[in-house]
Amino acid sequence: MPSSQHFINHVRIPENNDWVIFILVGCIFLYVFMMNVIERDASLKDFLLQKYFDASNNLPSWIITSCVTTLTLSVLISQYVPIVPKYIADLQLLGYQLNKFGYTLLAVLLFYLIKSTLGFLFYQSIGDGKKWTIFYFTSTKFYFILSFLLIILCVAHYYFPIDRNKMFLYYFCFFAFVFIFKVFFYLFHKNKILPEKWYYKFLYICTLQIAPLLLLWKLLFF
């Protein structure tokens, strides 16, 4: 009998990242819709520099910006999530299970929903509810810029030959810098979006900035 032969297949199956392009293109279309329809053909400069009392349709712009930020952040960090927890993986809808991206998107979405709800309740509880609208108006500008940086990082991450293991450390440093910058942005912004009293500011930063972020980290990476 002829001796058995072992064949090694050297053909590399390329990774299919079409889903990334679909999501990013969808995010860009959301921004085009926002700038042309909701913001009434406002230029980028006018949108970023507009004053609260001169702006309109602040809530729809905040919602769209939050959706884009949630999607792009989930696309970027989903590849670093070690596993989908078993109690999540066992859940099926029409025969489909959540993959790492789906689980990350769900976790980040819940993170922002809970954080926004608690933020609203926080301002209402201290008797400063009117400042909540100024807060999300101002934060929209911050997250608008951040979402574009996330889009660039997503393109570089999925379509350029980079060492993803080494990049994790750079991503960690990037998001740490963004978090620290955001805290100072909120503290010293001319719109005075945080409560006037220092202990309310301290309470907000600890309970609505640091604590939810630690919870999200635990959900995704532990």
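This is a predicted model: local features need pLDDT of at least 70, side-chain atom pairs count only at pLDDT 80 or more; totals for chains, interfaces and linings use all residues.
Which residues does asparagine 58 touch, not counting residues up to four places away in sequence?

View 1. Leaving aside residues up to four places away in sequence, asparagine 58 touches Tyr52, Tyr136 and Phe137. The relative accessible area of asparagine 58 is 14%. Because buried means under 20% relative accessible area, asparagine 58 counts as buried at that value.

**View 2. Helix H3, residues 58-77.** From its first C-alpha to its last, this helix of 20 residues reaches 28 Å. That span is close to the 28 Å expected at 1.5 Å a residue. Of the 20 residues of H3, 14 are buried, so the helix is largely enclosed by the rest of the structure.

**View 3. A nonpolar surface patch that includes leucine 110.** The patch is formed by Leu98, Leu106, Leu109, Leu110, Leu113, Ile114, Leu118, Phe120 and Leu121. Together these residues have about 760 Å² of accessible area. Leucine 110 belongs to helix H5, which spans residues 100-125. Its relative accessibility is 42%, so leucine 110 counts as partly exposed. In an α-helix, residues three or four places apart point the same way, because there are 3.6 residues a turn.

**View 4. Segments annotated as "transmembrane region".** The annotation comes from an unreviewed UniProt entry and covers residues 20-38, 59-81, 101-122, 142-162, 168-188 and 200-220. In the model, residues 101-122 are 100% helix and 0% strand, with end C-alpha atoms 31 Å apart. Residues 142-162 are 86% helix and 0% strand. The end C-alpha atoms of residues 142-162 lie 28 Å apart.

View 5. Along the sequence, the elements follow the pattern α-α-α-α-α-α-α-α. Taken along the principal axes, the C-alpha atoms fill a box of roughly 90 × 40 × 40 Å. The chain has 222 residues, of which 37% count as buried. Among contacts in the protein chain with a separation of 6 or more, 74% are between residues 24 or more positions apart. The protein chain exposes about 14,400 Å², and carbon and sulfur atoms supply 71% of that area.

Key
Residues are numbered from 1 along each chain as its sequence is written. Side-chain values use heavy atoms; hydrogens and water are left out. Helices (H or I, at least four residues) and strands (E, at least two) are DSSP runs, numbered from the N terminus. The expected span of a helix is 1.5 Å times one less than its number of residues. Buried means under 20% relative accessible area, exposed over 50%, partly exposed in between (1.4 Å probe, protein chains only). Patches are made of residues with over 30% relative accessible area and no salt bridge: like charges are joined within 9 Å, nonpolar side chains (Val, Leu, Ile, Met, Phe, Trp, Tyr) within 5 Å. Accessible areas come from the Shrake-Rupley method with a 1.4 Å probe; for residues, only the protein chains shown count as cover. A salt bridge is a side-chain nitrogen of Lys or Arg within 4 Å of a carboxyl oxygen of Asp or Glu. UniProt positions are given in the numbering used here, feature names are shortened, and annotations may be inferred rather than shown by experiment. Contact means heavy atoms within 4.5 Å.
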